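Welcome to a short tour of this structure.

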Amino acid sequence: MLIAIAAHFAVAAMLPLAARRCGRAAFAIGALVPAGSLALALTYLPGVLRGTPHGESVHWAERIGLLFTVRLDALAMLMTLLVTGVGAVVLCYFGRYADRDEPGHGRQAGLMVAFAGAMLGLVLADDVLSLYVYWEITTIASFLLVGGAGRDEESRRSAKQALVVTVFGGLALLLGLIVLAVAAGTFRLSGILADPPDGAAVTAAVALLLVGVATKSAQVPFHPWLPAAMVAPTPVSAYLHAAAMVKAGVYLAARLAPAFADRPVFWVPLVVLGLWTMVLGGFRALRQHDLKLLLAFGTVSQLGFLLVLVAVGTYTAALAGAAMLLAHGLFKSTLFLTAGAVDKGTGTRDIRELSGLGRQWPQLATLAGLAAASMAGLPPLLGFVGKEAALKAFLHATPKDVAVLCGITAGSVFTVAYTLRFLVGAFGTRPGAAPSRAKPPGAVFTAAIAVPALAGLVVGPGVGWLAPLAAGYAEALPGAHDYHLALWHGLTPPLLLSVLVLATGYAVYRAGRAVAVVSGRVPEPLRAQRGYDTAVSGLIRLAHGGTGRIQTGSLPVYLAVILLTVVAAPGTMLLLRGLPAIEAPWSRSWLQLPLAAIVLAAAGAVLRARRRLTAVLLTGMIGYGVGGLFLVRGAIDLALAQFLVETLTLVVFVLVLRRLPPPFARPGRERTGGQARSGQPALRRAEWRKALVAALGGTFVAVLATAYSAGRERLPPASAWYVDNAKPEAGATNVVNAILVDFRALDTIGEITVLLVAATGAASLALGAGRARRRTMPRPGRDERTEVRR
Amino acid sequence: MTDDSTGSIGPAEPTDEPVDWESWDVPTERWLRAEHGAPGWPRSLLLEIAVRIAFPTVLVLSVYLLFAGHYDVGGGFPGGLVAGFAFVMRYVAGGSVELAAAVRIKPPALIGAGLGIAVLTALVPLGFGLPALTSVQWHPHVPVLGELSIASSLLLDVGVYLLIVGLVLDLLRTLGAGIETRDLEGEAR
């Protein structure tokens, strides 16, 4: 299966090129990859059903234990079927949905296929680090697909929100995975789950993982990103934001459940948040007029339902979860694709404008009706099987089960109600409204919608095929193993409950107006979107404040901070340990004396310099003097480098000095124009402070250098090794060069990389500053930056 | 000496006629800039010509330092700096126009090439199953020169050399010519 994942990324990289040639057909080419992966996965199905997971692994950095692994077990197989199957269908549909003349087909097709590959990798990964990488690739693909070309404000904002929320969760997930893996002593997911570690750190890790789960699967209070992401093209919503990506959280919870479902830190938050999300999402869906938004809130609700099912960790609930996972993927993608077809055919998705579509598009209405029936939980569809199992799982007289049962019953009632709202809204005939003018949907749309819709219809009665797969996952969980997925269990309490749910749901739908009045009365501070906005603006304020205080833009302050750190950090250690005794002669060569005199004289003269050029030249003299000292002691390479660098520094100084006034600025005097003398004392004090810091830094470095270079009696072992091995190992007679290009060559590469970065930075600063000065038109965004600088 | 008119040695007009035996060695291209080459830059003919004469020598010296580094004083870093100073001299003598006459390649390309060569040199041993940055020595016999000793780490030094030359040129481009252009524009405004 690794080859299937790799094929996704390879094809995704080539699709933009292909799209230049063949336009929309790029989507169809892309669809071949998930379709092929589906076929490949099915060849492993018999083994998986026998209970022997298929595994592959490829080392890519063996020494540090990094590897790509695949573990295709029952749960992974279920998700793989969903991801690849729906992916192929949606890509085919996308090929017809995309506008022929609009650019960006290659980008969209490539991103969709890359996403499919990442999603496949995510569900197959057995290594927590690669799982995280795939997880983030899906996030980024979602960001790019929602943002589109980024031309309008709303899609940029939505894409950003989706990115911020899910990346926040992703980072929490990474932290949780690492803590968990370190506690377990293995980065293999199967290893961690087989022998789950204990302890406070693991509890914290699980909580962090749940943040990742809740953000990715759009649980309260993170859910608003999902409805906002509906600005994306409908196929993207159908695949990423209904069938696949948002299921990543559910998948991870399901993956962890066998090991952690018995711990309150795992199931309590998931069940509480899940039930809350399920009810809230269903309720909000009843208010929507946009078909896609209605479905999006429905997805939020269903994701909550799924998380409850996989989090409680009993056999029956896990069976229900597995069935619902597949059912939801099938019916929700059908409904999204239908919404897209309606949008394309009529130009609107607003149910207040649509009318009479059912008569014009009987085939499409029937298919959507099948999917909707599955969503509402009507027999003989797969959704019904799943919901029956879910109700059965909580039919116990314990407080926890009763509470959960009440929650999911309420959620299901809303589900039935918004299903009706969708169906009637999209296909019903409103009295007194002219029928919408609709272009026929076409064969591709109908076929793409028919595949998942009919799959739900076939797997419902044929749930016997699915049952071994679901049981293969669920048998790792505790609880009675007597339940099995089936369409007909007899006249049982769950069936009666289902009937009750359907009836109540119809009543709620009829009372739609009342619902619309009641909802929307959420107190302002409790709104999740407001919470997100507050968090983001608070973060930006914090960043502005922090940057404004730390990056003051004052060079003396920066220098003082650096120098004081240098003095404080090693200085404290020196005070504690004491200086080594200095046992060196005052001078080793008479030449050192005049050189030292030159250096000292130049240093003293710099302080008296009134013109910048004089100061620069004197500083250069210090540098040459030091170079001379190197030469006297026989460090020829060092002296050469010192002379050359000193010269370059001088040249650069002189180049820059052309822009600065020749004498040193005396801002206090210039600004007050010699009239007000009140500014003088403050300036004096600032100068004294600078002098103090400079003296402190200079003295410290001088003492340190003298003490340590004098305290050394013989070559350290490393140097001795270099001297001995320069000729035999590196073939060099110049030891310095042997160190630079051979023994410590990695350091050299690092250093020249730093030089490259510095050169690029200096170039953009120097050239960019000129451009900024020349520009007179204010640009949006620049004002913020100037604020920060202040 | 700063009189502009002395700085122009006119090129021979290209003609289709057969080359006359009297004029076959007249320079066909301009050796010095014409009088209006660098507006606003004070010219010193002596400096300009001295620099032009010294320029190749300094470059050769820099290459010597690069190759000698393995055995004697030198190396990619000092060599690159010396080569950079050759261009600094050109710039000081005649401003950015003179610099542009000396070098055509874009400094960032040079910097990138330098780092690219260094990194490739580091990675090549991986292809032979050796750890990165492994160095090898060859001792080929060359007819005239006798036995040479070449280390593969010389390539790393070449990368450093190119990067440093590019760095100096980039400084001249941004802080030198960049400021120069802006000042001139400021005066024009």
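Begin by selecting residues 598-661 of chain A, which an unreviewed UniProt entry lists as "domain: MrpA C-terminal/MbhD" (positions follow the numbering used here, the name is shortened, and such annotations may be inferred rather than shown by experiment). This stretch is 84% helix and 0% strand, with its end C-alpha atoms 28 Å apart; helices (H or I, at least four residues) and strands (E, at least two) are DSSP runs, numbered from the N terminus.

A word on the ground rules: this is a predicted model, where local features need pLDDT of at least 70, side-chain atom pairs count only at pLDDT 80 or more, and totals for chains, interfaces and linings use all residues. Residues are numbered from 1 along each chain as its sequence is written, while chains are lettered from A and ligands numbered from 1 in the order in which they are written.

Next, select H14(A) (residues 291-312) and H19(A) (residues 399-427): their axes, lines fitted to C-alpha atoms over the stretch in contact, lie 10 Å apart. The angle between their N-to-C directions, on a scale from 0 to 180 degrees, is about 155 degrees, so the two helices are roughly antiparallel (over 145 degrees). Residues in contact (C-beta atoms, placed from the backbone, within 7 Å) include Gly298(A) and Phe305(A) of H14(A), and Gly411(A) and Phe414(A) of H19(A).

Finally, show chain B: 36 residues of chain A are in contact with 38 residues of chain B. Which helix gives the most to the side of chain A that touches chain B? Select H33(A), with 14 residues, spanning 745-774.

Note on methods:
Angles under 35 degrees count as roughly parallel, over 145 as roughly antiparallel, 65 to 115 as roughly perpendicular and the rest as oblique. Two residues are in contact if their C-beta atoms, placed from the backbone, lie within 7 Å.
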